[in-house]
Amino acid sequence: MKRYDMVETELPGQGVVFWPVGTGDSTTIVLGDNLVMQVDLRDMKAADEDDAVVAAVIDRLEETLPRPDGETPYLAVFALTHATRTTAAASVTFWRAPS
């Protein structure tokens, strides 16, 4: 598997994605059609670089989460297992209200 494939993955129909985020945690669990769970969230600025070897998790989720209403990405469950500066900052970024 190429490094690009690891950071540009699609969500499976059912299964688990362990996002490559360096030191930290970010796991997506797909249980069914519109049932996706995110466990912790680490999104790094380095993911925006052309040769990134870490995933831009927030971008990937926005692109691949189901859209039951045809427009809005839907995440059924978010679980934060430990509050650190990196996981909390990414969580706030992900859950911000659209402008």
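This is a predicted model: local features need pLDDT of at least 70, side-chain atom pairs count only at pLDDT 80 or more; totals for chains, interfaces and linings use all residues.
A polar contact is a pair of N or O atoms within 3.5 Å; within protein, one must be able to donate a hydrogen and the other to accept it, and residues adjacent in sequence count only if both atoms are side-chain atoms. Residues are numbered from 1 along each chain as its sequence is written, and side-chain values use heavy atoms, with hydrogens and water left out.

Start with the overall layout. The protein chain has 3 helices and 4 strands. Helices (H or I, at least four residues) and strands (E, at least two) are DSSP runs, numbered from the N terminus. Along the sequence they follow the pattern α-β-β-β-α-β-α. Of the 99 residues, 34% count as buried. Buried means under 20% relative accessible area, exposed over 50%, partly exposed in between (1.4 Å probe, protein chains only). Contact means heavy atoms within 4.5 Å. Among contacts with a separation of 6 or more, 44% come from residues 24 or more positions apart.

Now find the sheet. Strands of a sheet pair through backbone hydrogen bonds, either parallel or antiparallel. Here two strands pair if DSSP finds at least two bridges between them. The 4 strands form an open sheet in the order 1-2-3-4, with mixed pairing. Strand 1 and strand 4 (77–79) stand at the edges, each with a single partner strand, so one side of each is left without a neighbour in the sheet. Neighbouring strands are turned by 15° against each other on average, direction ignored. For such angles, axes are lines fitted to C-alpha atoms, for helices over the stretch in contact, and angles run from 0 to 180 degrees between N-to-C directions.

Look at the pairs one by one. Strand 1 (residues 15–18) and strand 2 (residues 27–32) run antiparallel, joined by 4 bridges. Phe18 stands opposite Thr27 in strand 2. Strand 2 is also joined to strand 3 (residues 35–39), by 5 bridges, and these two run antiparallel. They form a hairpin with 2 residues between them. Across it, Val30 stands opposite Val36, and Ile29 has Met37 as its bridge partner.

Thr27 is buried, with a relative accessible area of 16%. Beyond its neighbours within four places in sequence, its contacts include Phe18, Trp19 and Asp40. Thr28 is buried too, with a relative accessible area of 0%. Its side chain makes a polar contact with the side chain of Trp19 (2.6 Å).

Which residues of helix 2 (residues 57–64) are buried? They are Val57, Ile58, Arg60, Leu61 and Thr64. Seen down the axis of helix 2, these buried residues fall within an arc of 165°, so they line one face of the helix. The arc is that of the directions from the helix axis to the C-beta atoms.

Finish at the core. A nonpolar core is a set of buried Ala, Val, Leu, Ile, Met, Phe, Trp, Tyr and Cys residues joined through side-chain atoms within 4.5 Å. The largest one has 13 residues, and Leu11, Trp19, Val36, Leu41, Val57, Leu61 and Leu65 touch the most other members. Helix 2 gives the most to this core, with 3 residues.
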